[in-house]
Amino acid sequence: MKKLLLIVVLICGFYTLSAQQISINNFSRLEAVGQLPNDLLNIAKGNNFDGSKPRNRIQRNANRYIKDLIISGRVVYGDTVTHYLEKILDNLLVNDPALRKEIKIYTLKSSEVNAFATIDGFVFVTVGFISQSTCEAEIAYVLSHELIHYVKKHGYNTGGNDKDGTNTIEDYLKYHSRSREQEFEADKLGYEKFFKNSGYASNSIDGMFDVLQYSYLPFDELKLNRGMFENEYYKFEDNYFLESVTPIVSREDYIDTFSTHPNLKSRRAEMENLISASDITGDKKFIQSQEDFNFIRTISRFETINQQIIADNYIKAYYNTLCLLKNSPDNKFLNTASCASLYGIARGKISGSYQDIDLGKDKTEGEMQFAVNLFKKMGKKELGLMSLRSTWNDMKLYPDDKYFKLLFNDITKYLVEDANLGSLNKFSDYKMGEIVPEDTLVNEDKEQTKYDKVKTKKLVGHQKSFKTENYMLGDLKKDEAFVKAFNSSILENEQGNASSIITYLKEDNQKTSVRKKIIILKPYAEKIHKSENKTLERGENKIQTQRLERRVKNIAKQADFEPILISSYDNDFPVNYQLLSRLNDYSRSFNKFSDITYESRDAENLAKELGTPILNLVYYQKQSLGSTKNKKYKRLHSSLSIMTPPTIPISIYQWFAREQSGKLLFIAYDLEKHKTIFSETRQFEHENTYDEINQELYECYIKTSKLSKN
């Protein structure tokens, strides 16, 4: 019987690992599984997790942040990673089933290295933290620490700024204000009450502090060299490559006298003393299998890279993919992420906004500094061509994936329209420094006509104007498939440009009988205080946003759309949570560099699931300008009104009516065509802001309706 049981266990283990391997090979994104759990659904509806109403301000603030996380689509449940965390909790609380029932643990899609507990027993762990950990025991100790924050009700005494609208989701994911005493207490009691008797290795606690101390670093230290970025055809300037990088130094010794968090050095010392005095020390780094941990960490690292690319943190994402590709060179996700990251870096340089993504050589340490310096030194043409080469490699590896063709066409369009490199004759057929034969004509015949000679292929040699970029396609010119793809891309871009002009000029006065659906994703409005140039508190901006939501929904209908509005405040989601999450990722991946976003990799499938390809984002900001504008006119009107008493009320109203300035940002994007349908930023002033904003919105939706029909 025991032998049979062992066989069953081995078979189950083999099946699990096989299933995990398939998941890694086909990974795209980390997604929640199934319906939104009731505790999260209740929070999303503005209640406590159990459906009751918030008891006080602290409860409301805690719920508000959780609701923001839910609506942002970053909370992951029912998935493999969350199940793994649940098993760790089960082990820590095996002797406290009552407490286990109170704890609700979820994974968060964030590259930040963090974990935190709320006053109602929610524990959130970021994929960023899991991706940096080295064993299960490190995660277990962090959970033990967070359990004490919940048990001791530290959430009621955080001392954080609880004013509405002050902290963003990003701030919340990065930092949670706890007193020094609370942190020490959570370290000590977490160990004594939960961790010590769990069997986990006590020396892993020091490893957990390493994770926190070096959380700003990539997944690993991979030594880079210039051979990874050059080949025999082209070489970059020597100053592009660092001969040595700044060593990684310890950051635990900062002075923490005025810090709300005690520094890691103090916490390490306290825990070392506590562990050395303990009569019980576990020795297991893994209670679940090490293979399971490695799988969970890999998935978390993949999703961390996703989040880094979505947030335009391209350089770090690129370096992280290089670290992982070393052991998994054939993984499609990593090849896709590497290509997307390099494309983002190139597009940042091409757009003139590279400073927005540059990490700064002086602000980075270790081997990643090599890449930071290289990309800083490279010109936009060089980076564009490097991205083109990378994209071509993936086009060959994955010929059925349209995403790489999108990137290839976009870079080719830049080479043609902006870089003056839209012909392969702009690239040398020879290597940099190679001696070129005097006769470069192939099969030249003196009896040929002028036309025959023109048609005869001629090798491109060195020219005085040639720079490094003019040699970067020399080897690929010998690849017939590349030449065909390059020329085909140029033709497609020319046809696309012509089509866009025709569409823009075409008048379409015919109304369709069927309204086209449009997804209006979380419109947002805020009002600015003129005196302090500060936004209103969250409650007031909520009112402004709800008014905008009603306005855009009604006006979109007037423009012949069927609007599907996804609100930041309504209790019901018009789409399932998985779609909401993907939509949020898509909107976050929009950048000023290109119409092609990282989430374009499966945008067509997203459009099918939504039932429409049109995604709409609206932001409105208004500011009171005061009642002092046009004083001369108002004085004249007042003096004349004395002679015409019936106009006196109008004159008085003009002095008290406040001028408003409005700023409207409007984007309509086609998920299937991977391009912006209509984008506009409008600024205006008007005494009746509602009429003006209504008119501006109507014009935007009419324009979108017209352009989306073609």
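Mentor: Accessible areas come from the Shrake-Rupley method with a 1.4 Å probe, and for residues only the protein chains shown count as cover. Here the chain's accessible surface is about 34,900 Å², and 50% of that belongs to carbon and sulfur atoms. Keep in mind that this is a predicted model, where local features need pLDDT of at least 70, side-chain atom pairs count only at pLDDT 80 or more, and totals for chains, interfaces and linings use all residues. Residues are numbered from 1 along each chain as its sequence is written, and side-chain values use heavy atoms, leaving out hydrogens and water.

Trainee: How many helices and strands are there in the chain?

Mentor: Helices (H or I, at least four residues) and strands (E, at least two) are DSSP runs, numbered from the N terminus. This chain has 25 helices and eleven strands.

Trainee: And how do I read two packed helices?

Mentor: You describe them by the angle between their axes and the distance between the axes. Axes are lines fitted to C-alpha atoms, for helices over the stretch in contact, and angles run from 0 to 180 degrees between N-to-C directions. Take helix 7 (residues 136-151) and helix 10 (residues 204-213): their axes are 8 Å apart, at an angle of about 80 degrees. So helix 7 is roughly perpendicular (65 to 115 degrees) to helix 10.

Trainee: Which residues of helix 7 and helix 10 meet?

Mentor: Contact means heavy atoms within 4.5 Å. A137, E138, Y141 and V142 of helix 7 meet S204, I205, G207, M208 and V211 of helix 10.

Trainee: At what angle do helix 14 and helix 17 cross?

Mentor: Roughly 20 degrees, with the axes of helix 14 (residues 332-350) and helix 17 (residues 402-417) coming within 11 Å. That makes helix 14 roughly parallel (under 35 degrees) to helix 17.

Notes: Parallel < 35°, antiparallel > 145°, perpendicular 65-115°, else oblique.
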